[in-house]
Amino acid sequence: MAAKTGVPIRKACVIGAGVMGSGIAAQIANAGIPVLLLDIVPKEATNRNAIAEGAIAKLLKADPAPLMSSAAAKLITPGNIDDDLDKLADIDWIVEAVIEKIEIKQSLYRKLIDKRQPGSIVSSNTSTIPLAQLTEGLPEAFARDFCITHFFNPPRYMRLLEVVGGPKTDPAQIARIAAFGDIALGKTIVRGKDTPGFVANRIGVYWMQAAVIHALDLGLTVEMADAIMGRPIGAPKTGIFALLDLVGLDLMPHVDASLAASLPAGDPYLSIRRDFPLLTKMIADGYTGRKGKGGFYRLNTEGGKKVKESINLKTGAYAPSTAARLESADAAKGGLRALVTHADAGGQYAWRVLSGMLSYAASLMPAIADDIVAVDQAIRTGFNFKRGPFEMIDELGAAWFADALRKENRPVPDFLETAARAGSFYKVENGRLQHLGLDGSYRPVERADGVLLLRDIKLAGKPILKNGSASLWDIGDGVACLEFHSKMNAIDPDTLTLIKQSLDHVGKNMKALVLHNEADNFSVGANIGLALFAANIAMWPMIDDLIGQGIAVYKAIKYAPFPVVGAPSGMALGGGCEVLLHCSAIQAHAETYIGLVEVGVGLIPGWGGCAEMLIRYQPQSAKEPKGPMPPVALAFETISLAKVAKSAAEAKQLRFLRRDDGITMNRDRLLADAKAKALALVAAGHQPPKPAELRLPGPSGKTALTLAVDGFVAQGKALAHDRTVSLTLAEALTGGTTDMTETIGEDQVNKLAKQGFMSLLRTEPTLARMEHMLSTGKPLRN
Amino acid sequence: MPAYEAPLRDIRFVLNEVLRIDTFSNLPGFADATPDVVDAILEEAAKFCSGELQPLNQSGDEEGCHFDDGKVTTPKGFKEAYAKFAEAGWIGLPCDPAYGGQGLPKVINFAVEEMVCSANLSFGMYPGLSNGAYNALHLHGTEEQKKLYLPKLVSGQWSGTMCLTEPQCGTDLGLIKTRAEPQADGSYRITGTKIFISAGEHDLTENIVHLVLARLPDAPAGIRGISLFVCPKFLPDAAGKVGERNKLACGAIEKKMGIKASATCVMNFDGAQAWLVGQKHKGMSAMFTMMNFARLAVGIQGLGVAEAAYQGAVTYAKERLQMRSLGGVKAPDKPADPIIVHPDVRRMLLTQRSITEACRALAYWAGMELDIAAHHPEAERRQAADDLVALLTPIVKAYLTDHGSLAANLGVQVFGGHGFIRDWGMEQLIRDARITQIYEGTNGIQALDLVGRKLSVGTGRLLRRFFHPVTAYLETAAAKPALAEFALPTIKAMAKLQQATAWLAQAGLKDPEEAGAAAHDYLRLFALVALGYMWCRMAEVALSKQESEERAFYQAKLAGARFFMAKVIPETNLLFTTMTSGKNAMMAVPDDYF
């Protein structure tokens, strides 16, 4: 049988249309790969594909959306395993995601043996069954092509994909699926071993169990536990109990039982598991978390008011939730050691949980993974921790941690001793990040081909330019990267200054510029706190200047004589969107959420967003309607409704991204892709665009939009101030006093937008909206 | 001893012509406050203050209060004056009619308070404290508590106190030790020692209602563990009949620099029965609502003293003959010219007067907004007014009391050696005014409140309530040729204030010590801009009345405005410079330097 290891995966099939299976299918479709989604034929069903079809329908409704675009949805074909196994003939990868029962899985595999094409990969999404058992008794040829691909829920958003092969698995097949998972599906690949819970769950479930039992032992309230087990330790803010509510309380006993059943005797996990009668009772009573009647927290709506309540871990009674006040939670700002050495209950709790979890992780090397990089990546991307266990030990200090364990007469894992002697698990040498091997020597942390990380570049050198809000880095081959790093990457005068300086520098010394950063969000927009404060003290000229400066700097990006490529990931909103709109090209991470959201705070885009959207909505084919009004109407709709694309693919539909802008699935590959795009533009002889000449409808267009807005107001869909904001926007988009017999430049549109912006900033409802957004993070409807 | 004549014309000018209180007749209380009624009230108050209170000011100071085995006797004449004051209904003037008050606007009461403070600051303490207790109970008390205590406080039959300070804690109330033990009947037993308790014990009323901050057994540590209690000297029955003596006593009265006729007591609570006011552990927020009123009231004390000092000084300056005018003989028939001809004496008098008049306008504006915040039909307008009052409170408290002290000092200076001896009563004003800069939060604390708390609320929302109307007004005013003379210097000062505010927001965000170091200068800068704005508004009115019969009155207003614009508001430049020079001149000094 000829292995097809060199062949890319062009078509896939997912068997098992449950939450995980359908989510995996969705992510495969998000990558642009057609995928067959199969499940069993329900008993006495008229529609034999009912289960898979139902799963696809659910995908379309789920929030957060598993699908990145409507086009992706069309790539999923439903079917069933009784009628459709013949279709496997041209499938390159079959993912099994059926119930966690060995007999069922094996009987399915036997059915696949004759139907799959030779050399296709078969993988299981099992989280609990060892690979050795799964392939037991199956033909060698099947075992050679078989591995475990363990996704995390939800597959689109959780970055971790554990890939586990057995002794019989062809390493080339492992490499093939790992490459696909990495490049096409955008996942962080961690190569696990065939051990219980693989890497992430082995340590993560220990953490959850420890977090629960120590909270009980220390008599903490759920709020206190969550106040420590969240951000202070670098975990998601849900902490432990709110996390259990989120994932479902009933999941816990399953995971616990299967892990316990397969762990070797003497494993430390076995000593911390115990009965939790309250949990059992809650599940029995239907308190399974957010999907059920509530969990450790619930929203009590009796009496017409929504009261957030929490359960008393001792009595099981609900009472109104009260915020925990723990000094240790604040102390955590001074580092992990400050937290775990704090004398209060929170500090003791953090120490008990983390000391157990971290020494457990150290004791599992090399049983579960070949190196600590894999383990840290698994915990970061599978449990959304800020740091993995070895990174956490380094923050505590390896020697300090080992000493602290010794003082409590607890065992110190050998590998931790090694690190204590060496100094740390990671170190930077010659500008490169190194990690500690079990042999006590350091070796460089390797990045895959096509992965370029700004954090690596930052270790290796100094920025070309830097101020409090942004820095310029040399990323090689004549390309520079401009990094925002203000709070939430809000764009402020310092950012604008550094953009301007960067353009000057690159123009004189380099070939191209990439705008990119590795924060959660590319940029949440202009610093509205600054604008609000300045407005509150009536410093109108200063604000006017700031807008003018933004327009000028963004214009300089657009007309730079070299290519400027925007490479966003996460949110790119308001002024953070406008900066991208002025780039020569965009290479966006698939998970980019882009939009002009100014109306949410009672403003309109002031930094060129209005003009750029008018340009983007000009007809691009003969099929699109002609005349001055259609682009205005489209821009008006997008901006006045503050539409935010929920993915890069959707951003293309909304035309924030242009047709030839690129999308990168794996975030770690974004900078390299953007750099390549910039160099390609250089090679193609990049020329700045010609200034647009816009034919806009003028007052007649504004009248038409006014009628539409008045309609919304009359229907109660828009408020009086929405009308004010919308009409200010309409004034700018329709070109003020122009008419369709003449053309006007983007400068004029920008000027109108700036005037509109300033007039709105003087209104009470706009200022109230800005204040509300700043204090609550949510828009105010006033 | 200086005579005091209430500046009724000036007061009416601010109320009727500048603030136009008649335009607020849609608010509760204002409908009844027709110009006739207001005039009558003010005239009666003026008469009472000049006739009854002012004559007791110097004698009260000389005699002081007497302490004898827990009993405190006020100086001669106080008891009778208090009885008449209460009888005339002055205590209940701004109070809720449901409890026997007259429900008149707060701004009217501000004017009355000013007159009382000019006439006899010590006397004003007694009804002032009752007013604080009234406010706390009115806002946070139960229906039962209100029914029991408020009518007595409003009528003046009982008086009130605020028991906050303890030997180990003044500014930092988180250190309070006084304990409150819950009792089976729902009441509490208070044990502890409070000091500096104004009106803690005296002979003016049949009962004294103490509002006490104390800590419950299960209280969290610090400022979040403090509760407020009402603790009467005599336990009343439900009908308000005074009964058994509660277990509390005055241990001593303080010997003080000033306000000697006001009894400042050490109060010992020895398991005294008390009742919770408001929520457990939320005593500070309850106390703060009353403290905010009280801070404005202290600002009014500063205003009152300043007015009294000016009146004394100006009378003397017209009579006292010394030297000849530098510009030529002014009173050839006399052995020397009256000292009012000398530039430096004028500088002192006009400094007193031009600032005092603007302070009056500013304080009354805050009072007006207090009424709007309480009664306006639109929630947004109420919020805006509340914001403005919150912003102006530290400024009114600190600047007006600083000015009270300054004006009292200038008053003594105008008197020369005669100011320094006691007969003339001028030095008493300095001694009396001094405490106003200290209590209800020292003026340093007021400045911190402004920069640390008030600036950051809603990313500057409170500031908007001042900057928007004021900049808009000044822009319009600058365009009017006759008014530009006043508007332009104020606009300049405003620009400095805007820059200073932006500087503070940035520097203070990075380093709270910068904010602390700048606070005092910033508060004064802010105050001067506010006073400049008030002068513009007063000048605008005066300019429009140049044809009236009272031309001289309005000309005098313009003269005051001119002095302020030429000689006072330029201090903003200095303040801006010192403030933005940063903290290092203070903070970089090593501790062992001191």
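Predicted model: local features only at pLDDT ≥ 70, side-chain atom pairs only at ≥ 80, totals over all residues.

Colleague: OK, helices first. At what angle do α10 and α13 of chain B pack?

Modeller: Helix α10 (residues 379-415) of chain B and helix α13 (residues 443-454) of chain B meet at about 155°, and their axes are 9 Å apart.

Colleague: So are α10(B) and α13(B) roughly parallel or roughly antiparallel?

Modeller: Roughly antiparallel, because an angle over 145 degrees counts that way.

Colleague: And is the crossing of α10(B) and α13(B) left-handed or right-handed?

Modeller: Left-handed.

Colleague: Which residues make that contact?

Modeller: From α10(B) they include B:Leu391, B:Pro394 and B:Ile395, and from α13(B) they include B:Gln446, B:Ala447 and B:Leu450. By class, the contact has seven nonpolar, three polar and four charged residues.

Colleague: Switching topic: how is chain A divided into domains?

Modeller: There's domain 1 (12-192), domain 2 (200-436), domain 3 (454-623 + 638-689) and domain 4 (699-776).

Colleague: How many residues of domains 3 and 4 of chain A are in contact?

Modeller: On the domain 3 side 24 residues, touching 26 residues of domain 4 of chain A. The centres of these two domains, taken over C-alpha atoms, are 24 Å apart.

Colleague: Which elements give two or more residues to the domain 3 side?

Modeller: In chain A, those are α23 (528-536), α24 (540-558), α26 (609-616) and α27 (629-640).

Colleague: And what's that side like by class?

Modeller: The side of domain 3 of chain A that touches domain 4 has 15 nonpolar, eight polar and one charged residues.

Conventions: Residues numbered from 1 in each chain as written. Chains lettered and ligands numbered in written order. Axes fitted to C-alpha atoms, helices over the stretch in contact; angles between N-to-C directions. Helix = DSSP H or I, 4+ residues; strand = E, 2+ residues; numbered from the N terminus. Parallel < 35°, antiparallel > 145°, perpendicular 65-115°, else oblique. Left-handed = near helix turned anticlockwise from the far one by under 90°. Contact = placed C-beta atoms within 7 Å. Nonpolar A, V, L, I, M, F, W, Y, C, P; charged D, E, K, R; others polar. Domains from an automatic or database assignment.
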